[in-house]
Amino acid sequence: IAFVIDFDHGWRPREPIYGIWPQDTATVSLEKMFRHVFAWDGRLDFERGYLTHGPYGDVFDVLTNYAAEDTLLPYGVIWPLGDVGLNPRRQEALESYVAQGGVLVVDHASARDLPEELCGVTFSPDVLYGTGIQTALQAMPAISAPFAFTPMKLSREASALAWTESGAPLLAWHAYGKGMVIVSATEHWLDVTEELVPIVGAILRSLADAFVPVSTTAEVQMAINRTRDGFVIGLINNSGVTKVPAAPPAVDEAGAKECAIAFSGRTPLRIDARMGDFQWIVPANSLATRIPPGGVAVVEVTLPSRD
């Protein structure tokens with residue numbers, strides 16, 4: 001999954017734009033999204049905050065809108081964030097990406113610059129406010145604040161995925177070529193308090209379930225790399241170790257994690273432990289391992305062909 005941001009975004013965590021101007025709504029959306037997917041609490045001190053265990057695994061890259069079309073194609077999902085400059089050349093690159101099988105996720109802030117035939121919706125000039133969301137995508141937390149949305153009319157080929165409490169379409173999908181576009185009526189994915197609208201988590205969870213072949217319920221950092229016939233999966237336990245200057249690290253053994261790696265769809269043909277000990281749990285169809293505080297476990301799995 002690749003987030004695409006403007007080359008001249010000027011964003012730095014918790015800092016003014018380019019260190020000078022206050023963050024605007026578009027820039028706040030970058031910070032809120034990155035803090036969500038990387039589970040960062042906003043602190044970078046004494047080695048804290050540099051490694052985090054996000055809810056979806058380390059499956060995200062951040063590109064700029066200068067990225068060439070060939071750079072976009074390997075990604076399963078492209079998600080523009082903030083004020084992304086989409087000139088005709090960049091629009092064509094996104095259209096080509098979707099036509100060749102990619103999934104593009106946009107809200108009104110980005111979709112208004114894209115052709116109607118790509119997104120499958122038209123927007124009205126009005127701005128309304130919602131206080132509820134109905135969707136079958138994933139379970140969502142309660143709505144904590146109203147959110148602005150721009151009413152959209154769906155084409156015949158588009159279908160709604162979520163609605164406001166009044167029944168207005170809030171999220172829609174539209175097939176285009178071999179891929180699809182998911183369009184939200186929200187503005188920069190934020191509510192009136194500049195927090196992420198809960199539909200964001202539902203979309204990300206659905207996409208992660210579709211594209212990420214493994215999952216773990218343990219609060220550990222999970223990195224996944226493709227191999228020719230499977231994946232290398234790395235788990236890092238960031239809990240239980242405290243470091244401060246001029247003192248040895250303090251280790252709390254209670255921070256050890258019992259981890260289970262679950263596989264979606266295909267059972268591994270072969271399992272090679274590269275670091276740590278792993279056991280296959282037949283009833284759960286998963287790999288189990290125990291990671292000490294600050295520890296790392298790495299396993300390579302070979303999966304059967306999809307043919």
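Visitor: Into how many nonpolar, polar and charged residues does the lining of the largest pocket divide?
Guide: This is a predicted model in which local features need pLDDT of at least 70 and side-chain atom pairs count only at pLDDT 80 or more, whereas totals for chains, interfaces and linings use all residues. Residues are numbered from 1 along each chain as its sequence is written, and side-chain values use heavy atoms, with hydrogens and water left out. A pocket is an open set of points on a 1 Å grid over the protein atoms alone, with protein on both sides within 12 Å along at least five of seven lines, and lining residues have an atom within 4 Å of a point. With Ala, Val, Leu, Ile, Met, Phe, Trp, Tyr, Cys and Pro as nonpolar, Asp, Glu, Lys and Arg as charged and the others as polar, the lining divides into 14 nonpolar, 5 polar and 7 charged residues.

Visitor: How much space lies in the largest pocket?
Guide: The lining of this pocket comprises 26 residues, and those closest to its centre are Phe211, Pro213, Ile224, Arg226 and Phe231. Taken as the space filled by probe spheres set on grid points joined across faces, edges and corners, the volume of the largest pocket is about 740 Å³.

Visitor: Which element supplies the largest share of the lining of the largest pocket?
Guide: Helices (H or I, at least four residues) and strands (E, at least two) are DSSP runs numbered from the N terminus. At least two lining residues come from each of H6, strand S14 (221–226) and strand S15 (230–236). The largest share, 3 residues, comes from S14.

Visitor: What is the volume of the largest cavity?
Guide: A cavity is a set of grid points where a 1.4 Å probe fits but cannot get out, and the whole structure holds 2 cavities of 30 Å³ or more. The lining of the largest cavity includes Val4, Thr64, Leu72 and Pro80, and by class it has 8 nonpolar, 2 polar and 2 charged residues. The volume of the largest cavity is about 120 Å³.

Visitor: Which helix gives the most to the lining of the largest cavity?
Guide: Among the residues that line this cavity are Arg89, Arg90, Ala93 and Leu94. With 4 residues in the lining, the helix that gives the most is H3 (residues 88–99).

Visitor: How much space lies in the second largest cavity?
Guide: Pro80, Leu81, Gly82, Asp107, Ala109, Ser110, His188 and Trp189 line the second largest cavity, and they divide into 4 nonpolar, 3 polar and 1 charged. Pro80 is also listed in the lining of the largest cavity. The space in the second largest cavity is about 30 Å³.
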